[in-house]
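Here is my note on the structure you sent. Please keep the sequence and the 3D view open while you read.

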Amino acid sequence: MRILMTLLLLLAAAGGTAVVLTRSPRRQVFAMAANGLILALLFETLQAPDVALAEIVIGAVALPLMFLVILASARMDRAPRRPDGGR
Amino acid sequence: MMWLSVLPPLPVVGPLVIAGLLLMTSHGLPRPIPDIIALATTALTCSLCLLLMHHTAHQPLVYWFGGWVPRHGFPIGIGFVITPIGALLAAFIGLLFFATLVFAWGYYDEVHAHFHVLMLLFMSGMIGFCFTHDLFNMFVWFELMSVAGFALTGYQLRTSALEGAVNFTVTNAVGSYLFLAGIALIYSRIGALDFGALERGVAAQPHDVVIISAFVLLTTALLIKAAQVPFQAWLSDAHAVAPSPVSVIFSGAMVSIGIYGIAKLAWSVFAPSAEIRHVIRVLLLAMGAFSTVIGGVMALLQRHLKRLLAFSTISHVGFLLIGVALWERRALAGVFVYFIGHGLVKGALFMVAGILLALCGSIDEIELRGRGRGIWPAGVAMAAGGLLLAGLPVGLMSGGTDFIAAGANALGQGWLLWVVILGAGCTGGAVLRSSGRVFLGLGPVAGEERHSPTEEDKEKPDRPLWLMLVPTTALLVLSLVGTRFGSDVISPGTLRFMHPDNAMILDGARAIPAAALALRAPPSSYTAWVSVALALAITVFSLFRHRLPRRASRYFQPLRPMLTTLHALHSGDVRQYVMWMAVGLAAFALAFAVS
Amino acid sequence: MNARARLLTFLFACAGLGPAVVVLILHLPRFGAHALPYGDLINDSAPRERHVANAVSAVNFDYRGIDTLGEEFMLLCAVTGVVVLLRSKRGERVDAPAGRVEGRSLRPRSDAVSGVTRLLAPVTALFGLTVALHGMTTPGGGFQGGVIVASAISMVFVGEGYRSWRKCAPSVAFDATEGAGAALYALCGFASLLAGLPFLTNVLPLGTLRHVFSGGLMLIENAGVTLAVAGGFTVLFGEFLEETRVETRDDES
Amino acid sequence: MMNALPWAVSAGLLAIGLYGMVTSRHFVHLIGCLSVVQASTYVLLLAAGFRWNAIAPIFSSFAPGTPAVDPVVQALVLTDIVVGATVTALLLALALELHKRRGTLDPDQLRPLSRHRKG
């Protein structure tokens, strides 16, 4: 139990570092999803299944998906709009 | 009184429910309905808070959600403890939202009722923040307020508004995570979240490093919200570009409420720790003094009117922080008076900026020169606001200043008066200079301000001038006539604020009767006239610099590098702001290490 | 200030903070071995006084129910903000063609994908509802369940394509669901007030411990959260997915 | 070592997250780093409510009264996760709108008001 927890804590630290050091946003999304899974496992060993479930659905699925959609949209062919399209 | 015990949650959850229902039905509502509903809600909220203030004068009102009264003195649920000060500030917030919604009547009818929904949620968050007696609950309202603010900043979808919103969101999000970390630290040590229980925990181990660290993190988060040096730079980005009705709320209430949070935590939770009291007196005082001066000087250097007002907010809120950091009764009473006075005046000034945006189609002082002649009543309002910012000895702002000055003098910190004179003189001078240039067409030659960033901007000119002038004037008039509060509500309220009655709140003991000790308003000191004179001198100098011999401006040449540095500090680069947060945290660590 | 100066200042500040953090860590209580007075009180009280097995749900919906109320409205606030940012310029027209990235061919959707999602989406939605419903007895609850339901609805986008998805998830309906869910939660509190009790006090029979329908008013609040979260996240996903469409704007020619 | 490791990991995540934000060259990357800062608060909060040899605070298969970890911090972390999700969604929406208007997400080129500087 202690060994597993130590391992997961270190993995969480490594995962966070990986998210930060992956400078390309597209690859960072996958680091984030992996980090979300690690955190969820860590929360499970910390006896917090409710939080682990929430972290899986949010941190490992919903947020990375939103990031991917944004990046896809930002890559789409789109001429920059008028500098100031104010109402 | 049975009916009284139902009231405490209503000013918070009432607007929440209305906002939810408004969103639900927004697709079917004809145009003026959301406006009317939102106005009625804010008016009702304001009157409820006034009622609460009236009935808590003798004894705070304690309300446990879900009926979870403390067990053997240990709180098990979340409590609202309504004190006269909290209720007064909540009523002020309700009033400011009411005035702002009048000001923005019909302006935001494009996207259904979304503007009204966001504004009502914003107000709920602020009032909950004033009432709560639980650290995590405080965080929830803090965050509701922040999220509403983030969304409202980018509301108009203009490019620079989006950039300002990003800076605002990123810095304040980091702030809220620091707040959470602070909650986690203090929870690991004391195992409670209620202010009263936490205070007992702090009293049991006042020298504990964990508790001190928690204080640092919580205070840093609130200082970020209150935009104090070195966490100030996001404010000028966000307030300058937010829609003007939103800026009214931001500068009038949201920023200063961060200071209220600091005062609340300091007196209700951390007061027993001598180390913390010491650092408040030294470091927070220094931060407040720096903010007052830097905000004032930066305001003087701006040409973008809303950015100018944003910097003046940093300056005046810095003065509020000084009042808290003095750790003295009169100074604290002065903070609450000044809080309201500043909110009213600054709100009115942002409304004038909104009028210019709508009717003159620009926000740039130099471009607007002389174009405000046709709407001279707005100019009168702006000049009056400038004089009040400068410290004209009438009304709430100067009343608050007198209290804080009396506190500073009693502690032998008279030098602070010069800081205040400098800050108030600069901000007042900046506003007076702008009103002279815009409404009288003076000042053909621009000074240092021509180097500052600006942009084209305008808002929809679809409201008559009188509709916008009515709330503006009302706020200014209120700031003049509200001085009665000084003795009636604020002085007994301040004593309650400084000595939270935990025996009553947690153990159900009888309330300590309110002390008959009333604070007499100190006589207005000479400082008021000095700062008004400084403001007028600055105004005359900058508006008539073309009449001066050339040599006169050469004396200021050596200041150029300093001003460039100041501009660079507010570059708009959010990464730099995050860096300053680390520096600020390090300053706290250093202060505790040496004390 | 250039990148280098920024980094150096940051590292300098960290060097100052480092020793403070070390001192703090040495003074923190031993991990997993300190008193938890508040938690113990709740763990003792929740099964006994609220007949709820999941103490976390009991904290969320009862002991600290007002926190969750604030949190629901925070979500509502953020979703409204996203809608304002993304939808207001686009308008409510939903007939935009798919956007494409230069250099990548548009493959037609295969029947296999469509078949799999047709099978998976209802199962996921059902799973989400189960998670939400059993919030009082097992890990989960309205929040987690709501997000799962929202992702099931968004799955239709992958399988059935844009048009059918828009038919199945009209934004108006989900705006309303979201507002209704959050308002339902708040109205639970008003039910307590009407009964002459403090806000959010239980007014319903508590049920039996470890039964799905235990916890009284908490069940209604849980349903409100499920609605609010499912509606909110569907709108959120929808607004983001709309952004992958080519824009047809009235203000541009 | 185990006595202090969770605290150290949390502090480390905070530091590395802030480092990432200070040195970021892309707004979406910066938002990702913000989530690392937030992860540090999850770890810190859950660690503050942990207890060895205790069950999760769900008394479905264990009798009430069995030593369990703190349910309060878990409820707080749930709220924290919602806060994080909402703020991230808002930031992503802001970033997307910015990208549409400016065609870039490089923080070096995105400064409020800076483009309209007049001499």
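The points below take up one interface, one residue and one chain.

1. First, a caution. This is a predicted model. Read each point below with that in mind.

2. Look at where chain B meets chain D. On the chain B side, 43 residues are in contact with 36 residues of chain D. Four helices of chain B each give two or more residues to this side: H5 (135-153), H6 (159-190), H9 (233-241) and H23 (574-594). Which of them gives the most? The answer is H6(B), with 19 residues.

3. Now consider the make-up of that side. Chain B brings 24 nonpolar residues to the side that touches chain D. Another 12 are polar, and seven are charged.

4. Stay with helix H6 of chain B and find B:Phe179, which is part of this helix. Is B:Phe179 buried or exposed? It is buried, because 26 other C-beta atoms lie within 10 Å and the cut-off for buried is 20 or more.

5. Next, see what surrounds B:Phe179. Set aside its neighbours within four places in sequence. B:Phe179 is then in contact with B:Phe139, B:Phe142, B:Leu217, B:Leu218 and B:Ala221. B:Val216 is 37 residues away from B:Phe179 along the chain, yet their C-alpha atoms are 9.3 Å apart.

6. Last, turn to chain A. It has three helices and zero strands, so its order from the N terminus is simply α-α-α. Chain A has 87 residues, and 49% of them count as buried. Take the chain A contacts between residues at least 6 apart in sequence: 46% of these join residues at least 24 apart.

Methods
Residues numbered from 1 in each chain as written. Chains lettered and ligands numbered in written order. Predicted model: local features only at pLDDT ≥ 70, side-chain atom pairs only at ≥ 80, totals over all residues. Contact = placed C-beta atoms within 7 Å. Nonpolar A, V, L, I, M, F, W, Y, C, P; charged D, E, K, R; others polar. Buried ≥ 20, exposed ≤ 12 C-beta atoms within 10 Å, placed from the backbone.
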